[in-house]
Amino acid sequence: MNNKYLMSVDIGTQSAKVIIFDLHGHIICQGVERLQKIQVPAPLLAIHPDDDLWDSLKIAFKRVMKAFRYKGLNPNDIAAMGLCVIRCCRTVLKEDGTLAYPVIGWMDKRLNYAYEPSRDYKQVRYVSTSSGYITHRLTGEFKDTCANYIGWWPMDNETLEWSDDPEKWKECNLTRDMVFNVVKPGEELGKLRDDLAEEFGLPLELPVIATAHDKAVEALGAGSLDEGTVLISLGTYIAALTQGQEYVIDSQNYWPFQASIPNRYIYECWGVRLGMWTVSWFRDQFGEAAVAEAENKDIQIEELLGREAERVPPGSEGLVTLHDWAAPPHAEFRKGAMIGFDSRHTRAHMYRSLLEGLAFTLKNHVDKMANELGNPTQRLVVSGGGANSDLFMQILSDIFGVPAQRNEMRGSAAVGCAINAAMAINAFDSYEDAIEHMVNVQDVFAPNLDAHNFYNKLNDGVYSKIQHHLDPLLENLSPLVD
């Protein structure tokens with residue numbers, strides 16, 4: 001089976017990616033298409049415009065297969081396709097499985113509540129997730145993974161099946177005939193439709209394999225299966241999670257979710273909404289001069305800003321950033337803040353402070369989870385495009401005080417997809433065996449103990465207290481401006 005390949009479909013908030021791997025976790029080729037900007041038709045609403053997830057995915061398929069054929073490789077050697085689509089979205093579908101309303105994004109306040117019929121929804125027959133919708137478009141089946149139902153769904157997370165409790169269905173305003181059948185991660189959702197196989201140049205009867213929600217798939221693809229390891233997933237939403245063995249129903253500082261390995265779980269604490277988006281926001285709004293300078297030096301603007309910020313000492317000489325650019329559902333009045341400005345501060349201080357604020361926020365959430373679990377953090381695995389930054393990797397290591405690892409493949413959700421697909425075709429004896437073969441470590445950043453001690457003082461004395469003092473002011477501000 002060494003000449004076989006695995007295809008990963010990974011649709012996130014900002015792009016659709018299709019990547020082909022060999023059985024050693026090395027990328028053969030990839031196709032990427034950016035999604036359209038999320039639309040906000042009213043405050044606290046968020047939708048993916050038109051049929052953007054599907055339209056972008058089709059372009060990504062065509063790009064990856066063009067690259068695959070250019071290498072002279074045989075499409076019939078692609079053995080299976082793993083499917084991972086962004087979590088915490090809702091789709092309302094017609095009888096034929098097409099959209100009755102655009103895909104509702106994870107930042108939409110409607111997802112904080114049970115499904116409700118709306119005059120905006122036309123001819124609704126099914127209510128599903130983003131992965132259920134894309135599964136139907138790929139296979140024609142009305143199926144979905146059991147591991148992407150987070151929030152208002154009557155899913156039994158211990159049996160990995162739909163609940164048999166009528167009250168749960170009633171609370172969710174759903175009936176059994178309104179939802180898809182579910183399968184477990186690593187099981188087949190269906191075969192790729194013949195017309196799509198012909199359109200994209202893929203094998204007939206290509207099996208499409210279930211994974212889980214995107215953060216759980218990242219955890220699998222990061223290889224973070226041992227106790228004390230925390231995955232930091234750097235994306236539009238920055239998540240921090242660790243592996244668990246059981247479904248815990250009374251946790252206080254974390255949530256248990258189905259893992260991308262059947263009958264295992266991940267534990268996830270609060271993260272940072274619009275986390276890496278905030279860094280992009282800074283680059284786009286305040287980086288015009290830096291863009292020109294980066295072009296003159298023939299480097300990316302992120303590299304330029306990173307080099308400048310490396311010369312700024314830990315703590316950004318008193319400039320502190322609170323990350324609430326997108327408020328959490330339980331405190332919609334919250335907003336972001338930068339405090340501590342004086343005449344020393346430059347764009348490099350602001351950039352470093354943004355990164356430090358992200359790391360402080362994550363550490364404070366992770367510490368609460370780790371204390372409740374009785375399992376101290378011993379290692380970080382960092383996934384996502386932000387892991388390319390040596391500066392951010394070092395800041396995370398210094399603030400947490402533990403080694404921070406990044407793998408060869410930064411987007412570990414794609415690797416997790418490939419692992420689920422590999423298990424479905426019996427390419428490996430176990431998930432541990434698959435991880436051993438397909439997850440490749442690249443760098444490990446060790447903490448600087450002097451920096452760690454300073455960051456602890458800054459966090460204990462300042463950062464961890466900012467929100468408490470700002471909340472009353474922001475509660476007064478919100479009704480005036482929102």
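View 1. V481 is exposed, with a relative accessible area of 54%; exposed means over 50% relative accessible area, buried under 20% and partly exposed in between, with a 1.4 Å probe and protein chains only. The model is a predicted one, in which local features need pLDDT of at least 70 and side-chain atom pairs count only at pLDDT 80 or more, while totals for chains, interfaces and linings use all residues. Residues are numbered from 1 along each chain as its sequence is written, and side-chain values use heavy atoms, with hydrogens and water left out. V481 belongs to helix α13 (residues 449–481); helices (H or I, at least four residues) and strands (E, at least two) are DSSP runs, numbered from the N terminus. Together with L477 and L480, V481 makes a nonpolar surface patch of about 300 Å². Patches consist of residues with over 30% relative accessible area and no salt bridge, where like charges are joined within 9 Å and nonpolar side chains (Val, Leu, Ile, Met, Phe, Trp, Tyr) within 5 Å. Accessible areas come from the Shrake-Rupley method with a 1.4 Å probe, and for residues only the protein chains shown count as cover.

View 2. Helix α2 (residues 130–139) is largely enclosed by the rest of the structure, because 10 of its 10 residues are buried. Among the buried residues of α2 are Y133, H136 and R137, and the list also includes I134 and L138.

**View 3. The cysteines C84 and C417.** A disulfide is a pair of cysteine sulfur atoms within 2.5 Å, and by this rule the count comes to zero disulfides. The sulfur of C84 has its closest cysteine sulfur in C417, 4.6 Å away, which is too far for a bond. C417 is likewise in no disulfide, the nearest cysteine sulfur being that of C84. C84 is buried at a relative accessible area of 0%, and C417 is buried with a relative accessible area of 0%.

**View 4. The salt-bridge partners of E293.** A salt bridge is a side-chain nitrogen of Lys or Arg within 4 Å of a carboxyl oxygen of Asp or Glu; the count comes to 28 salt bridges. E293 meets K297 in a salt bridge, with an N to O distance of 3.2 Å. These two residues are four apart in helix α7 (residues 288–297), so about one helical turn separates E293 from K297. E293 is partly exposed, with a relative accessible area of 28%, and K297 is partly exposed at 46%. E293 also forms a salt bridge with R347 (3.0 Å, N to O). That pair links distant parts of the chain, E293 lying in helix α7 and R347 in helix α9 (residues 347–373), 54 residues apart. R347 counts as partly exposed at 22% relative accessibility.

View 5. The closest N and O atoms of the salt bridge between K363 and D367 are 2.6 Å apart. About one helical turn separates K363 and D367, because they are four residues apart in helix α9. K363 is buried, with a relative accessible area of 10%, whereas D367 is partly exposed at 27% relative accessibility. Elsewhere, salt bridges that share partners join E293, K297, E308 and R347 into one network.

**View 6. The six-stranded open sheet.** Six strands in the order β3-β2-β1-β4-β12-β11 form an open sheet with mixed pairing; two strands pair if DSSP finds at least two bridges between them. The edge strands, β3 (27–34) and β11 (188–191), each pair on one side only. From one strand to the next the twist averages 20°, where axes are lines fitted to C-alpha atoms, for helices over the stretch in contact, and angles run from 0 to 180 degrees between N-to-C directions. Strands β1 (residues 5–11) and β2 (residues 15–21) run antiparallel and are joined by six bridges. S8 has I19 of β2 as its bridge partner.

**View 7. The seven-stranded open sheet.** Seven strands in the order β15-β16-β14-β13-β19-β20-β21 make an open sheet, and the pairing is mixed. At the edges stand β15 (255–258) and β21 (441–445), each with a single partner strand, so one side of each has no neighbour in the sheet. Neighbouring strands of this sheet are turned against each other by 30° on average, direction ignored. Four bridges pair β15 with strand β16 (residues 265–268) in the antiparallel sense. The bridge partner of F257 in β16 is I266.
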